[in-house]
Amino acid sequence: QWQRPDATAGTEPSWLVGGRTAVEGVENNREVLSQKFEFDFKQTPLQQVVVWLTEQTGTQFYCNTTEIELGGLADVDSPITVKGSATVREIIRLVGDPLELTYRVNESNIEITTKDHANEEPSMRFYDLSYILPNSANVDALLTAIQQSVAPLDWDTNGGQSTISIVGSMMIVSAPDTSHQSLEILLLNIARMNPRNAEQRVKVGVSGDVELSGGNAGGMF
């Protein structure tokens, strides 16, 4: 067991202070993706769409020109024609999917880049499982559920580059931002499960199949 030093003003290590600043920057930018706007693009160059997002949200968006041009399906002048009312996240999906583009949330900006680049440069996020599970009994079942339902081919267990590890109640996930969004939805729905069901142990077989230990155990898995 480790004893944490007494925390007083100015005694935190620089890496902890810097890490907190970085995390706050990323999370503030991530919240921007949930803002909703009306939009109407008519043969609008991609670069102008990105400028429009910056102006509407007050957050810096930018095109990773190098990666986009290397991808071969688009460039900053690719014409965009789409309209509607949606969140920023959905606008990027509508604009980007035909061109194999997506987004990465950084500390100082939101980057529009290729899906391949987003997979190669995943984002790391931390999820405290104590919010949804009473103990560690069903952690293996939860990991199986995630790897089978959230971008299954992206996880390292299936030959991809996304990873999950557990330290105490903290689940550390390195994955594209779009996978994190899907993971948030999955965890939210598990959190809504009857707490008494969450307490019942779910066994995971060697093959990865989930074997339920009771009629109501782990229904969300």
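Guide: The largest cavity has a volume of about 70 Å³. The model is predicted: local features need pLDDT of at least 70, side-chain atom pairs count only at pLDDT 80 or more, and totals for chains, interfaces and linings use all residues. Residues are numbered from 1 along each chain as its sequence is written, and side-chain values use heavy atoms, without hydrogens and water.

A cavity is a set of points, on a 1 Å grid over the protein atoms alone, where a 1.4 Å probe fits but cannot get out. Points are joined across faces, edges and corners, and the volume is the space filled by probe spheres set on them. Searching the whole structure turns up 1 cavity of 30 Å³ or more.

Lining residues have an atom within 4 Å of a point. Leu46, Val49, Val50 and Leu53 are among them. Two helices, α2 (46-57) and α4 (88-96), supply at least two lining residues each. Helices here are DSSP runs of H or I, at least four residues, numbered from the N terminus.

The lining has 9 nonpolar residues, 1 polar residue and no charged ones. Ala, Val, Leu, Ile, Met, Phe, Trp, Tyr, Cys and Pro count as nonpolar; Asp, Glu, Lys and Arg count as charged; the others, Gly among them, count as polar.

Definitions and conventions. On a 1 Å grid over the protein atoms alone, a cavity is a set of points where a 1.4 Å probe fits but cannot get out, and a pocket is an open set with protein on both sides within 12 Å along at least five of seven lines; lining residues have an atom within 4 Å of a point.
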